[in-house]
Amino acid sequence: GYYGEFGGAYIPEMLYPNVEELRLNYLKIMAEPSFKEAFDQLLKDYVGRPSPLYFAKRMSAKYKTKIYLKREDLNHTGAHKINNTVGQILMAQRLGKTRIIAETGAGQHGVATATVCALMGMECIVYMGEIDIARQAPNVARMKMLGAKVVPALSGSRTLKDATNEAIRDWINNPVDTHYIIGSVVGPHPYPDMVARFQAIVSEEIQWQLKEKEGTEKPTYVVACVGGGSNAAGAFYHYLEDTDVKLIAVEAAGKGVDSGESAATSILGKEGIIHGSKTLLMQTKDGQITEPYSISAGLDYPGVGPMHAHLYKTGRAEFMAITDDDAMLAGLELSKTEGIIPAIETAHSLAIFKYKTFKPEDIVVINLSGRGDKDLQNYIEYFDL
Amino acid sequence: GYYGEFGGAYIPEMLYPNVEELRLNYLKIMAEPSFKEAFDQLLKDYVGRPSPLYFAKRMSAKYKTKIYLKREDLNHTGAHKINNTVGQILMAQRLGKTRIIAETGAGQHGVATATVCALMGMECIVYMGEIDIARQAPNVARMKMLGAKVVPALSGSRTLKDATNEAIRDWINNPVDTHYIIGSVVGPHPYPDMVARFQAIVSEEIQWQLKEKEGTEKPTYVVACVGGGSNAAGAFYHYLEDTDVKLIAVEAAGKGVDSGESAATSILGKEGIIHGSKTLLMQTKDGQITEPYSISAGLDYPGVGPMHAHLYKTGRAEFMAITDDDAMLAGLELSKTEGIIPAIETAHSLAIFKYKTFKPEDIVVINLSGRGDKDLQNYIEYFDL
Amino acid sequence: MNRINEKLNKDGKLLSIYFSAGYPNLSDTASIIQDLEKNGVDMIEIGLPFSDPLADGPTIQASSTAALKNGMTSDVLFNQLKDIRKTVSIPLIIMGYFNPMLQYGVEAFCAKCKEVGVDGLIIPDLPVDVYDEQYKSVFKKHGLINVFLITPQTSKERIDYIDSISEGFIYMVSSASVTGSGDGFGDAQTAYFKRISDLNLKHPQIVGFGIKDEHSFKQATTHAKGAIIGSAFIKHLTSHGTEKISDFVENIKA
Amino acid sequence: MNRINEKLNKDGKLLSIYFSAGYPNLSDTASIIQDLEKNGVDMIEIGLPFSDPLADGPTIQASSTAALKNGMTSDVLFNQLKDIRKTVSIPLIIMGYFNPMLQYGVEAFCAKCKEVGVDGLIIPDLPVDVYDEQYKSVFKKHGLINVFLITPQTSKERIDYIDSISEGFIYMVSSASVTGSGDGFGDAQTAYFKRISDLNLKHPQIVGFGIKDEHSFKQATTHAKGAIIGSAFIKHLTSHGTEKISDFVENIKA
């Protein structure tokens, strides 16, 4: 359950049976042919996989390199999140669970969870910070349309971190019938590993798609934004051991890495424990977890998955920090250049071309983790559209 | 250029050269291998085709028949509209055009047009009724993000019909460099035929996908909603000649077919000329075109494509009219039953199960023409979410 | 002989005026026609208003919309014109979109035109080939001249076709643009007028779109038989009502 | 011998009280401890507040948040406790989440505990196996007892493991639920208390979660050595401040 020194399961004893049940079973269940079949079928017919690997011609011309976009924005519900929730709902069924809980920040994981619960006819409770509920009304409405109960987290800063605390409390209170669908590669082992395996379909597809297009499975670079880190985990997964392929993880610098309003967890964080996992997190010198800031609601998580902490610590991945302003401009640029409005999370990845030059023969695969419809209000206000 | 008695090109002489140029070239261009290749490539890598044919297990169980959903909602920009705009932008390039105009009502076709213009780096002007601009702010913002100029139609009822008038005027004023991307199977010949051919990919895929799943290319029924009729044209296309396959076209009854607030064009319309085509349209006895009503902004067009007028007149397709209330409830039902929030247009198709019973062995393919994100505000208000 | 042909056969340049029937007030139609003739106008296009006039600019659309709101319909118009030939002798042409005529019944519409003394029709969205195939005989039966448009983009071949099927004049659209836009004629347009004139077609051309004053009327009629003024006259009606029609006409013919 | 073991060795049922250090006021910590001992409380859990206390209910979280806002830190707490052993002799346990300890340095934290006279720790999110592998020797070196939790869902095998590694008592969570919820104990819970008691573990059990009054204290201690009250005491502090601690304790021990 560790990535180097990071990971583990730093959980209260009350959670031990739940987490242990999952730990003992998840690999076995994932290996069952009937599970694989059901998972693959849903990814294909319900999620709409494979998501295309799209050669961005005009962006490539502009930045004089070969830019491919992995189109997770085309998945059902509009982001990579659904890959994981489809996997976990099947897992929950096989574990005999009848009740699903989840946390959500911007609401994307909440929607993806509510979606698979509707699909399977399972009860769904989504914890969401009271402030986020007010900020993300459309996603709250989507969850309700899908039949989920959205419970406001009233404690702490009333945002994602607190919603996660509430979800964990719910799980503690409902240890037998409930499965907790964590939305990123965070939380106690086996979550980071399990979520990464469900998201690994992203790099699995990149391999054969790139082979078709470029005759090689190996891009020069794989680029992904990192909040908790699930889309990056998926895009990196099959390349982790292959050092021919360079990995770039892009974090949210908010108003600037040193501004005090940032979510550049790897750069600013120190080793510690958050939500059951040892990793890098933003905290005071006393070990209190601090509230991060990013214009992107999906990136303002104070921790980062243990896999990414390890990638940072070992230097396997290059970490870049992109400000709000750079991200917004990159989002607009992709819209005008390729006709794709990206999620603001994703826009961070696209902003690296401002700071990093690639060779003409480089193949740069960017994981286009989500579509920007959910962020329209932000874009409208930022650019005064 | 005719479907039975319907169709033709009832256009002012000022438009003759443009329409004639298109008429003389469109089939030839569409048959060019390089065109087909570019079109297929974009449909695959950019739009995300094939869209899945999804077996809706829980809906099927509920209605005791085999229900398949053709997932056009998973296309880039969220609806079937993009199939046509991708085709037309390639057509415009090959005709040497440098400027694109379009009309839009709810904004979906405007977004799909702005998208392909951004993709190709072409100037894009979208006409939209002043009232629709106010009602559909998110789609207006999307078009602006994509670099399009949105011009308000200030005349008449300031909705779709008037936006179409303005687009036609623009075309009259710019006969040489401009291509007009019409969004549905309406307008003068060759538009209805050309748009239907670009949308025909929908039924082409249904054929082989159903063959994979059910061992037959032929569903018992194909169901699609009809405003102008492009999604139905695409879903019906390859089954038009095959009377083993029953076709159901679903129109918007608004507050009731006889309420005076309806968009059930085929049932309520009379033969006439609208936007260059002879078809069925809603009009006064003096031949003035009337303003239709539907809760769905995509269905409140006073005309219908000439193909559909012909399908209605000949009885080849069964036409049903579904009210606002039935559609909204069907949209909620699909959300809670399958985890898919449909566009309100599409929700009309899903409401037929309330009125029509199918046999257990029937295969009912419903064209899920678009996703409901754009309609969230409507759903929120209607259900008080 | 149709009044239109009679008029075309005369020497001199023709001033034709378009206005929307039923505008500014529903009952103004007949008196405007009478005033126009009285002030020396040679021919009149009576606009039958339509809800979706896609070849018209904002000015004419606005007058159409107002006329519809005033209650104008095909029936009302024919009723207003039923005694017009008692006082008016210049050619009268109804200009309107095809759908209202279709709903009225094309045959019935033509019969009514003949009955009240209308001499011809201009139907922008009835293409010449559809007319040729389906409606020519009905028009002829009722002695109506159908007028077709050409534009700077119309090919020589098509101009010849239109010339061959025409019986009155050819409506020469000054530029490929909806009515009411433009600001006098430039070199391209005058060259176009000359080019068409030089074709020596069987039927004379009357220029429409963009004529608003003495200057543009003269430009237009240097090579053509006449010119039609629409938007500028509607604007005059909007500003000055029906009282000062003489001022408007005098300004053009000055 | 560690004060905890001394206390456990005595006859009678033990009342242990939890409160958040630095609540209601930053400087209340020492006086609350003194008052609790004065009123006959047998053992105290001093809560080191944490920003994200995921095993706590709303009452304790609110007191933690208030304490943090008051300025509570590990350093401040150790400073407040530096003379505590001059006046207090009952066992003192720091209960807190692992991250603040990790930032302080586990070794340094343990050393400080020893220095000020803290006898043990309860760290809900430090799993027993991680403790076993990585931190046991540090705790032992500083004479600190680490207390582990069991719940109704804990397997017999795991209970045995926890019993084997424990040195003081076993913190028996009354139900798999966060602190401060529940409403007295039902049959399932009392059966669970008896089931654990019947295991005759090496280490005594003290029940936590859900004890709030004389009745629930008696229920909890029928089969267990003692019980811990947290949320109910915090609520008392919130309502009555630090003045009437005697009332609270008397009500439990009545």
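Start by selecting D:Ile234 in this predicted model: the residue is buried, with a relative accessible area of 0%. Show the cartoon as well, and you will find D:Ile234 in helix α11 of chain D, which covers residues 231-240.

Next, bring up the side chains around it. Leaving aside residues up to four places away in sequence, D:Ile234 touches D:Tyr18, D:Phe19, D:Ser20, D:Tyr23, D:Thr59, D:Ile60 and D:Ser63.

Now step back and color by chain. There are 3 pairs of chains in contact, and chains A and B share the most contacts. Chain A and chain C have no contact, their closest C-alpha atoms lying 27 Å apart. Chain C and chain D do not touch either, with 64 Å between their nearest C-alpha atoms.

Then select chains A and D together. Here 32 residues of chain A meet 35 residues of chain D. The buried area between chain A and chain D is about 2,700 Å², and carbon and sulfur atoms give 54% of that. On the side of chain A, the residues losing the most area to chain D are A:Glu13, A:Met14 and A:Arg169, together 24% of what that side buries.

Finish by highlighting α8 of chain A, which gives the most to the side touching chain D, with 6 residues.

Terms used:
Residues are numbered from 1 along each chain as its sequence is written. Chains are lettered from A and ligands numbered from 1 in the order in which they are written. This is a predicted model: local features need pLDDT of at least 70, side-chain atom pairs count only at pLDDT 80 or more; totals for chains, interfaces and linings use all residues. Side-chain values use heavy atoms; hydrogens and water are left out. Contact means heavy atoms within 4.5 Å. Helices (H or I, at least four residues) and strands (E, at least two) are DSSP runs, numbered from the N terminus. Buried means under 20% relative accessible area, exposed over 50%, partly exposed in between (1.4 Å probe, protein chains only). Buried area is the accessible area (1.4 Å probe) that two parts lose on being put together, summed over both.
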